[in-house]
Amino acid sequence: MFQGETAITIDDKGRLAIPTSYRDLVAGAGGNRLVVTYNPFESGSLYLYPQAVWERVRDQVNALPRTRSVNRQLQLKLVGAATFVEPDANGRIGIPASHRNAVGIEKKAVLVGMGEKFELWSEQAHLAQIRQTLGDADLGDDLVDLQL
């Protein structure tokens with residue numbers, strides 16, 4: 001399980017170093033392969049899945065009927081944009097320029113462990129998300145009894 005947030009620097013070649021605390025987890029969870037794709041729910045971030053987790057997600061998304069527009073959008077943003085990356089000897093992965101440009105990731109980013117995947121956020125988008133607060137109107141029935 002990936003958890004926590006780490007400030008990340010993207011180098012001039014579009015690479016980021018996977019934090020050392022995650023490297024063994026990445027190697028074990030995905031055969032040292034990650035999949036980079038768009039976050040279809042929020043702008044300003046990408047998803048990074050270990051390969052084994054990705055394959056399950058990909059198959060579920062591809063099984064959705066293509067007759068619905070929302071399904072096609074999800075398939076385009078997740079499956080159509082998916083790119084495999086492997087850490088080099090220094091634990092760095094290259095994030096495609098097309099992906100970085102589309103979500104506004106430049107030099108500074110934030111890598112957030114979200115259980116079975118990572119989210120890579122532009123620094124500005126992450127800060128905006130963190131500054132948002134939840135109010136009573138945002139809490140649905142599934143959150144009311146949550147003990148935080």
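First, my burial scale: buried means under 20% relative accessible area, exposed means over 50%, and partly exposed is in between (1.4 Å probe, protein chains only). I am looking at a predicted model, where local features need pLDDT of at least 70 and side-chain atom pairs count only at pLDDT 80 or more, while totals for chains, interfaces and linings use all residues. Residues are numbered from 1 along each chain as its sequence is written, and side-chain values use heavy atoms, with hydrogens and water left out.

**Entry 1: salt bridges**

I count a salt bridge when a side-chain nitrogen of Lys or Arg is within 4 Å of a carboxyl oxygen of Asp or Glu. Side chains of opposite charge can pair when their charged atoms come close. How many salt bridges does the structure hold? I get six.

I looked up Asp 12 and Lys 107, whose side chains meet in a salt bridge at 2.3 Å, N to O. This pair links distant parts of the chain, 95 residues apart: Asp 12 is in the loop between strand 1 and strand 2 (15–17), and Lys 107 is in the loop between helix 4 (97–103) and strand 7. For these elements I use DSSP runs numbered from the N terminus, with helices being H or I of at least four residues and strands being E of at least two. Asp 12 counts as exposed because its relative accessibility is 71%. Lys 107 has 42%, so I file it as partly exposed.

Next I checked Arg 58 and Asp 59, which form a salt bridge with the closest N and O atoms 3.1 Å apart. Arg 58 is partly exposed at 26% relative accessibility, and Asp 59 is partly exposed at 45%.

Asp 88 and Arg 92 make another salt bridge, with 2.9 Å between the closest N and O atoms. Asp 88 is partly exposed, with a relative accessible area of 30%; Arg 92 is also partly exposed, with 24%.

**Entry 2: the cores**

By nonpolar core I mean a set of buried Ala, Val, Leu, Ile, Met, Phe, Trp, Tyr and Cys residues joined through side-chain atoms within 4.5 Å. Which residues have the most contacts inside the largest one? They are Leu 16, Leu 46, Leu 48, Ile 93, Ile 95 and Leu 120, in a core of 22 residues. The elements giving two or more residues to this core are strand 1 (2–9), helix 1 (20–30), strand 3 (34–38), strand 4 (45–50), strand 7 (108–115) and strand 8. Strand 3 gives the most, with three residues. I also noted a second, separate core of nine residues, which includes Val 35, Tyr 47, Tyr 49 and Val 61.

For contacts I use heavy atoms within 4.5 Å. Not counting residues up to four places away in sequence, Leu 16 touches Ile 8, Thr 9, Ile 10, Gly 91, Arg 92, Ile 93, Ile 95 and Leu 120.

Ser 122 is in strand 8 (residues 118–122). Is Ser 122 buried or exposed? It counts as buried, because its relative accessibility is 4%. Leaving aside neighbours within four places in sequence, Ser 122 is in contact with Gly 44, Val 103, Gly 104, Ile 105 and Lys 108.

Gly 113 lies in strand 7 and is buried at 8% relative accessibility. Beyond four places in sequence, Gly 113 touches Phe 2, Gln 3, Gly 4, Tyr 22 and Phe 118.

Asn 71 lies in helix 3 (residues 69–80) and is buried, with a relative accessible area of 8%. Its contacts, again not counting residues up to four places away, are Leu 64 and Pro 65. Asn 71 and Val 61 are ten residues apart in sequence and 7.7 Å apart in space, C-alpha to C-alpha. Val 61 is the one I listed in the second core.

**Entry 3: the record**

The unreviewed UniProt entry carries the annotation "domain: SpoVT-AbrB", covering residues 5–53 and 82–125. Over residues 82–125 I get 23% helix and 43% strand, with the end C-alpha atoms 21 Å apart.

Definitions and conventions. UniProt positions are given in the numbering used here, feature names are shortened, and annotations may be inferred rather than shown by experiment.
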